[in-house]
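Visitor: I'm new to this one. Can you walk me through it?
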Amino acid sequence: MNKRSVQRVAAIHDLSGFGRSSLSVVVPILSTMGIQVCSVPTAVLSTHTGGFEKYSFVDLTDYLPGFFEHWKRLKLDFDCIYTGFFGSSRQIGIISEFIDDFGNNPDTLVVVDPVLGDNGHLYSTMTVDMKEEMKKLVQKADIITPNFTEAAYLLDQPYDLNIKIKDLKRWLYELSQMGPEKVVITSAPACEDTKTTHVIAYNREDDRYWKVSCVYIPAHYPGTGDAFTSVLVGSLLQGDNLPIALDRGVQFITAAIRASYGASYPKREGVLLERVLGHLNMPFIISSYEIID
Ligand code: PXL
């Protein structure tokens with residue numbers, strides 16, 4: 001039984017002013033799920049980097065050590081440390097120390113969403129150095145949630161949309177060998193069926209592989225990875241097991257994309273989160289997770 005009446009997450013992500021991604025998504029989702037979010041902004045941007053040009057970008061690396069010193073003096077502790085987009089490669093080392101200092105309680109869940117890129121490419125602010133530092137950080141995680149592109153970068157594998165399920169299983173296993181007990185890959189291609197995309201997962205604890213299929217909606221909205229992982233984190237902290245948490249994440253994202261696509265909403269502004277946040281507190285019907293043999 002947790003000693004706190006409300007669970008507490010340190011959320012280490014950027015703050016993008018316009019466009020729903022990172023902290024603008026993480027905070028409302030986890031708060032709606034009854035979890036306290038303690039934000040650590042890694043960078044401040046005028047917009048996220050997907051679909052906007054000439055955005056302003058302030059990297060907050062230099063201010064993080066003082067921020068964390070204060071938290072140490074306050075003797076804060078967390079039920080979960082959840083990281084996302086970083087502002088510099090040096091910052092990743094600082095966050096790694098934060099995990100050593102604040103995540104050494106075995107009950108603290110460390111979730112690393114290794115935000116690096118999408119659709120086969122690195123995001124515009126990411127560098128090869130950041131990819132290499134990210135490989136080190138995932139070693140400290142209990143759970144990682146790369147998308148298919150990020151999984152390819154972490155494993156130095158080609159981005160091949162015709163990948164077979166047996167190779168995806170090998171990727172999950174190899175990522176887990178880097179450290180994390182649970183590995184989740186989002187936007188995994190289903191080469192046999194172009195109308196579907198998968199979330200696939202491996203749990204080393206019971207050596208089982210999972211798959212949740214999502215209907216492919218022909219629109220790409222930035223920030224959906226952040227929203228998916230936030231629901232996953234909230235669900236696990238509420239006590240759900242991995243396949244149920246995956247299922248909840250996929251159902252939420254599907255509803256959010258449908259709400260936006262149906263309304264012809266500009267993709268770069270992200271999904272119409274405000275329309276679907278209430279779903280997170282509705283009774284949940286387990287619908288679609290499958291085991292992969
Ligand atoms: O959703 C990942 C993300 C987070 N933060 C920033 C981004 C992106 C993806 O484009 O640009 C600033």
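Visitor: Let's start in the strands. Which residue is the bridge partner of Val 111 in E8?

Guide: Ile 143 is the partner of Val 111. Bear in mind that this is a predicted model.

Visitor: How many bridges join E5 to E8, and do they run parallel or antiparallel?

Guide: Two bridges join them, and the strands run parallel. E5 covers residues 109–112.

Visitor: What stands opposite Ile 143 in E9?

Guide: Lys 182 does. E8, residues 143–144, is joined to E9 by two bridges, and this pair runs parallel.

Visitor: And on to E10: what stands opposite Lys 182 there?

Guide: Asn 203. E9 and E10 share six bridges and run antiparallel. E10 spans residues 196–203.

Visitor: Is E9 mostly covered or mostly open?

Guide: Mostly covered. Of its eight residues, 182–189, seven are buried.

Visitor: Zoom out. What is the order of the strands in the sheet?

Guide: The order is E3-E2-E1-E4-E5-E8-E9-E10-E11-E12. That makes an open sheet of 10 strands with mixed pairing.

Visitor: Which strands stand at the edges?

Guide: E3 (57–59) and E12 (289–292). Each has a single partner strand, so one side of each has no neighbour in the sheet.

Visitor: New topic, the ligand. Which residues are around it?

Guide: Asp 14, Ser 16, Ser 22, Leu 45, His 48, Thr 49, Gly 50, Phe 85, Val 115, Tyr 123, Gly 223 and Asp 226.

Visitor: How does that shell split by class?

Guide: Four residues are nonpolar, six are polar and two are charged.

Visitor: Which side chain is 2.7 Å from a nitrogen atom of the ligand?

Guide: That of Asp 14, through an N or O atom.

Visitor: What about the ligand's oxygen atoms? How far are the polar side-chain atoms of Thr 49 and Asp 226?

Guide: Thr 49 has one 2.6 Å from a ligand oxygen. For Asp 226, the distance to a ligand oxygen is 2.8 Å.

Visitor: How much of the ligand does the protein bury?

Guide: The protein buries 96% of the 310 Å² that the ligand exposes when taken alone.

Visitor: Last topic, cysteines. How many disulfides are there?

Guide: Zero, in a search of the whole structure. Take Cys 80: its nearest cysteine sulfur belongs to Cys 38, 11 Å away.

Visitor: Is Cys 80 buried or exposed?

Guide: Buried, with 0% relative accessible area. Cys 214 also counts as buried, because its relative accessibility is 14% and the cut-off is under 20%.

How values were computed: Residues are numbered from 1 along each chain as its sequence is written. This is a predicted model: local features need pLDDT of at least 70, side-chain atom pairs count only at pLDDT 80 or more; totals for chains, interfaces and linings use all residues. Side-chain values use heavy atoms; hydrogens and water are left out. A residue is near a molecule or strand if one of its heavy atoms lies within 4 Å of it. A polar contact is a pair of N or O atoms within 3.5 Å; within protein, one must be able to donate a hydrogen and the other to accept it, and residues adjacent in sequence count only if both atoms are side-chain atoms. Accessible areas come from the Shrake-Rupley method with a 1.4 Å probe; for residues, only the protein chains shown count as cover. Ala, Val, Leu, Ile, Met, Phe, Trp, Tyr, Cys and Pro count as nonpolar, Asp, Glu, Lys and Arg as charged, and the others, Gly among them, as polar. A disulfide is a pair of cysteine sulfur atoms within 2.5 Å. Buried means under 20% relative accessible area, exposed over 50%, partly exposed in between (1.4 Å probe, protein chains only). Helices (H or I, at least four residues) and strands (E, at least two) are DSSP runs, numbered from the N terminus. Two strands pair if DSSP finds at least two bridges between them.
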